[in-house]
Amino acid sequence: MQIEDFIEYTEKESGKKFDINADFYAEKSYDRIYLRKREKAVTEEFTISGETSFTHEKFSLNVKISTIYPAKEGNNTAVFDADKLSFPLKIRFRKKGDKMKLKGMNGTKKISDIFSDEKIERAKRDFVPLILKDDEIIFLCGLRQSPSYAPDRNTKKYLLIDYTEDNT
């Protein structure tokens, strides 16, 4: 019976899950089906009090201040005006209803919509860190940076946040 149910499941739309047992499930993500081990969503929060290297089991961050604008490639480095942004910053994972400002947009966009737009697998979404100043999300690590605190032509010091995902 379970084999027939699984075959029927494979024809359903993306995002659907199929329970295999207490430890594993199958997930259809766009054009693929993944066998996944169940993991609990991360609810920890951490504070960044200044320049630091921060390592977590799912990622690492390097936070530094520089007078030189970095040769930025991709979305793994966020660059802010260090004089506009002060410590402490907070690291946490997504919560229902999270939104952030995006460049070129009036208002905010839901983090869940950004994940969908970027085709981030559902199993990974709970493990993408968010960097916040007070309650404002300023960096969705590896994906988007808020224009808040962005450098401009008067910027003399840059706050750089380098993000590396642990793919193991």
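In the hairpin of β11 and β12, D134 takes a positive phi near 55 degrees. Two residues lie between these strands. The model is a predicted one.

Strand β11 covers residues 130-133 and runs antiparallel to β12, joined by four bridges. L130 stands opposite L140 of β12. A further hairpin leads from β12 to β13, with three residues between the strands. There G142 takes a positive phi near 80 degrees. Two bridges hold β12 and β13 together, again antiparallel. F139 has Q145 in β13 as its bridge partner.

These strands belong to an open sheet of five, in the order β4-β8-β11-β12-β13, with antiparallel pairing. β4 and β13 (144-145) are the edge strands, each pairing on one side only. At the other end from β13 in that order, β4 pairs with β8 over three antiparallel bridges. I48 finds its bridge partner, L89, in β8. β12 is mostly covered, with four of its five residues buried.

**The four-stranded sheet**

An open sheet of four strands has the order β5-β6-β14-β7, with antiparallel pairing. β5 and β7 stand at its edges with a single partner strand each, so one side of each lacks a neighbour in the sheet. The twist averages 15 degrees from one strand to the next. Strand β5 (residues 52-55) connects to β6 by a hairpin of three residues.

Antiparallel strand pairs and their bridges:

| Strand pair | Bridges | Residues opposite each other |
|---|---|---|
| β5 and β6 | four bridges | S53 and N62 |
| β6 and β14 | eight bridges | F59 and E165 |

**Nonpolar cores**

Which residues have the most contacts inside the largest nonpolar core? They are L61, F80, L89, I91, I131, F139 and I161, in a core of 20 residues. β4 (46-48), β6, β7, β8 (89-92), β12 (136-140) and β14 each give two or more residues to this core. Both sheets are represented: β4, β8 and β12 sit in the five-stranded one, while β6, β7 and β14 sit in the four-stranded one. A second, separate core has twelve residues, including I114, V128, L132 and L143. In soluble globular proteins, nonpolar side chains tend to be buried together.

Leaving aside residues up to four places away in sequence, I91 touches E44, E45, F46, I48, F54, F59, L61, P129, L130 and I131.

**Aromatic contacts**

The count of aromatic pairs comes to five. In one of them, the ring centres of Y69 and Y158 are 5.2 Å apart and the planes meet at 80 degrees; that angle is over 60 degrees, so the pair is edge-to-face. The pair links distant parts of the chain, 89 residues apart. Y69 sits in the loop between β6 (59-66) and β7 (77-81), and Y158 in strand β14 (residues 158-165).

Y158 has 11%, so it counts as buried.

Ring pairs also link F46, F54, F59, F93 and Y163 into a cluster. Of its members, F46, F54 and F59 are among the residues that I91 touches. F59 is also the residue opposite E165 in β14.

A charged group meets a ring as well. K58 lies over the face of F127, at 4.5 Å from the ring centre.

Terms used:
Residues numbered from 1 in each chain as written. Predicted model: local features only at pLDDT ≥ 70, side-chain atom pairs only at ≥ 80, totals over all residues. Heavy atoms only, no water. Phe/Tyr/Trp six-rings, centres within 6.5 Å; stacked < 30°, edge-to-face > 60°. Buried < 20%, exposed > 50% of the residue type's maximum accessible area, 1.4 Å probe, protein only. Lys NZ or Arg CZ within 6 Å of the ring centre and 35° of its normal. Pairing = 2+ DSSP bridges. Axes fitted to C-alpha atoms, helices over the stretch in contact; angles between N-to-C directions. Core = buried A, V, L, I, M, F, W, Y, C linked by side-chain atoms within 4.5 Å. Contact = heavy atoms within 4.5 Å.
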